[in-house]
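Morning, everyone. I have one structure to walk you through, and I'll keep it short.

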Amino acid sequence: MVKHQPLQVYEKQVFLSFVTGVYGCRWKRYQRSQDDSSRWECTWFILLCSSFLLLLFWAYFWLVAQNDINEFNMSVYNLSGEWSDETIPLLASSTIGFSYITFLLMLALSHISLGQQLNLYWVHKIGVLATLLTTISGIISVDDLWADEWDILLVSLQATAPFLHLGALTTVTAISWLVAGYVVRRERSTFQVLVLLIYTLLLLALFLAPLTFTCPCIMDRHSLTHRPDVIGRRGAPMLAPENTMVSFNRALQHGASSLEADVSISVDGVPFLMRDSTFRRTTDISKVYPSRQYDDASSFNWTEIRSLNAGQWFLESDPYWTAKTLTERDRARIANQSVCSLVDMLRLASRANSSALLDIRRPPPEHPRHRSWFMDTLWAVQKAGISQKRVRTVTWTPDSDRGRVRGLQQGANEKLSIKEIRQRGITSLNLHYSKAHHKDIEEYLANNVSVTVYPVNEPWLYSLLWCSGVPSVSSDAPQVLRKVPYPIWLMSHHAYDFIWITSDLVSLAVVIGIFCYQNYHMIRWKMSGMQNYNPEQIMLSAVTRRTSREVNIMKEKLIFSDINNGLGSSEELSLYPENGYARYSHSNISR
């Protein structure tokens with residue numbers, strides 16, 4: 001009696017089982033397939049890639065937009081009337097979605113590299129759609145609420161473009177393995193040529209991309225100007241309640257050279273510091289004057305304003321997650337803060353030998369101080385005993401009022417030409433960072449016009465403006481900028497050109513090497529396959545390419561046919577398809 005060896009020996013493929021199981025819920029060997037993925041599954045793969053790219057853009061946006069988180073929360077407050085950190089749910093959901101999509105994309109690429117058919121599980125399809133729709137809705141919401149913030153993307157590229165280029169070049173170079181495998185290991189088709197053409201154009205575009213970069217920090221090290229002065233914008237609002245004496249003291253302690261404040265005028269002509277048009281957010285007016293909490297801040301007299309607490313809200317709401325780091329002494333001091341007058345802030349600046357930048361909000365037409373508001377401000381400056389040359393004002397409107405103010409440095413919050421600046425008697429500009437271009441800054445400084453850029457809260461933006469030659473910046477976080485003694489990165493043109501050309505050449509060599517390697521192994525596989533052909537293999541190979549199911553049926557028929565004919569124990573039949581074809585071989589048949 002003849003005993004037969006098992007016709008097939010299965011090896012454990014843990015990684016393959018994990019990849020196909022998690023991606024498509026195909027944990028069993030018989031559920032897998034090496035057939036070409038259907039058009040429907042290819043569409044889902046394209047959708048997965050699109051979701052990843054969109055989430056990558058979304059994550060990058062929020063990474064650089066951290067500089068303006070305070071402005072975003074303020075925009076939400078102006079609409080809802082309630083102060084809260086709305087970025088937390090946005091960042092949490094974005095992080096979860098990005099991690100999930102990235103994981104699925106890695107599994108999909110593993111399928112392609114292992115030659116497995118893509119078959120995304122229906123639960124994941126719902127997850128991909130939900131993540132994609134959530135991201136799109138988030139982008140639309142930000143565009144409606146915070147449309148001006150998109151400008152930060154172009155500004156940030158001046159600092160990050162060289163590094164993003166290297167990352168993109170590394171990624172596209174690594175993808176060449178999959179592209180080469182798809183192009184080389186299959187029969188030529190129009191779609192393959194199209195894939196190869198698109199990949200080649202993408203690689204060429206990346207090679208030449210640095211020609212379009214404008215990076216101020218690519219400069220001669222000896223051309224770097226002095227460190228920009230830091231102005232405490234409303235003091236140090238991340239460490240203490242904004243526009244209070246504690247906040248201004250904290251700013252000076254952390255190296256601020258000047259103080260910036262928002263000024264309003266009370267009904268009895270006392271200039272006081274308040275950013276909002278009402279007292280609702282930063283005082284306890286809902287307890288002291290509940291019926292007047294929505295009234296304009298300038299409609300109160302100084303006695304009423306002085307009775308409000310301006311520090312307790314900071315401890316209760318903890319808007320910047322810093323209240324827990326305060327000592328008991330600091331908490332007690334903050335809890336007793338009242339609304340600060342302009343005179344008190346200017347006296348502090350005078351004692352510290354620093355200057356002041358005042359953003360003055362003119363009272364409404366029905367206000368009793370509507371026509372004398374600038375005289376009230378001048379009175380406060382004189383009473384504080386600070387030199388008028390150290391006080392700079394902005395938003396003095398209309399221009400006819402400028403001629404009535406003598407001694408103070410007058411500025412504007414808008415970008416103007418040199419001709420307009422001279423005509424209006426302006427000596428300084430307070431510009432948003434999105435409007436502070438390198439060439440414009442050079443022109444202003446050449447014409448003795450001082451430039452202050454706001455808001456600057458992140459080291460990368462501070463470094464970028466430092467390289468651009470900006471003399472001063474206004475910041476909500478002087479404690480952060482204090483830790484930046486030198487630009488984060490600075491590189492000469494020759495050094496960057498060397499890195500650029502070297503990385504391009506290395507990438508090109510790797511891509512060519514991968515294509516040659518894939519082509520070489522394909523030729524070897526074909527040659528070895530021709531040498532091992534036998535009649536049964538020729539019979540199967542002569543058949544046109546079929547699906548895995550059809551090939552398995554043919555192999556089963558061949559197996560049972562050979563068993564009935566009495567094959568020897570050492571005869572082997574391989575059930576592993578290679579490229580969709582069955583292989584069958586005899587070796588030393590003995591009876």
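Which residues is R275 in contact with, leaving aside its neighbours within four places in sequence? The list is E71, M74, R234, E242, N243, D262 and R281. Contact here means heavy atoms within 4.5 Å.

Before we go on, some housekeeping. This is a predicted model, where local features need pLDDT of at least 70, side-chain atom pairs count only at pLDDT 80 or more, and totals for chains, interfaces and linings use all residues. Residues are numbered from 1 along each chain as its sequence is written, and side-chain values use heavy atoms, with hydrogens and water left out.

Back to R275. It sits in the loop between β3 (271-273) and α9 (285-288). Helices (H or I, at least four residues) and strands (E, at least two) are DSSP runs, numbered from the N terminus. R275 is buried, because its relative accessible area is 18%. The cut-offs: buried is under 20% relative accessible area, exposed is over 50%, and partly exposed is in between, with a 1.4 Å probe and protein chains only. The side chains of R275 and E71 are joined by a polar contact of 3.4 Å. A polar contact is a pair of N or O atoms within 3.5 Å; within protein, one must be able to donate a hydrogen and the other to accept it, and residues adjacent in sequence count only if both atoms are side-chain atoms.

Next, salt bridges. The rule: a side-chain nitrogen of Lys or Arg within 4 Å of a carboxyl oxygen of Asp or Glu. By this rule the count is 15. One of them pairs D262 with R234, with the closest N and O atoms 2.6 Å apart. D262 is in strand β2 (residues 258-265) and R234 is in the loop between β1 (229-233) and α8 (245-253), so the pair ties together parts 28 residues apart in sequence. Both D262 and R234 are buried.

Take another pair. R306 forms a salt bridge with D344, and here the closest N and O atoms are 4.0 Å apart. R306 is in helix α10 and D344 in helix α13 (residues 342-351), 38 residues apart, and the pair links distant parts of the chain. Is R306 buried, exposed or partly exposed? Partly exposed, because its relative accessibility is 38%. D344, at 24%, also counts as partly exposed. There is a network too: salt bridges that share partners join E71, R233, R275 and D476.

Now the nonpolar side. A nonpolar core is a set of buried Ala, Val, Leu, Ile, Met, Phe, Trp, Tyr and Cys residues joined through side-chain atoms within 4.5 Å. The largest has 71 residues, and F61, W62 and L429 touch the most other members. Helix α2 (residues 39-64) gives the most to this core: 10 residues. What does W62 touch, not counting residues up to four places away in sequence? I69, F72, T87, L90, L91, V142 and W146. Apart from this core lies another, of 27 residues, including L239 and W373.

Last stop: N430, in strand β7 (residues 428-432). N430 counts as buried, because its relative accessibility is 2%. Its side chain and that of N413 are joined by a polar contact of 3.2 Å. The C-alpha atoms of N430 and V451 are separated by 6.0 Å, and these two residues are 21 residues apart along the chain.
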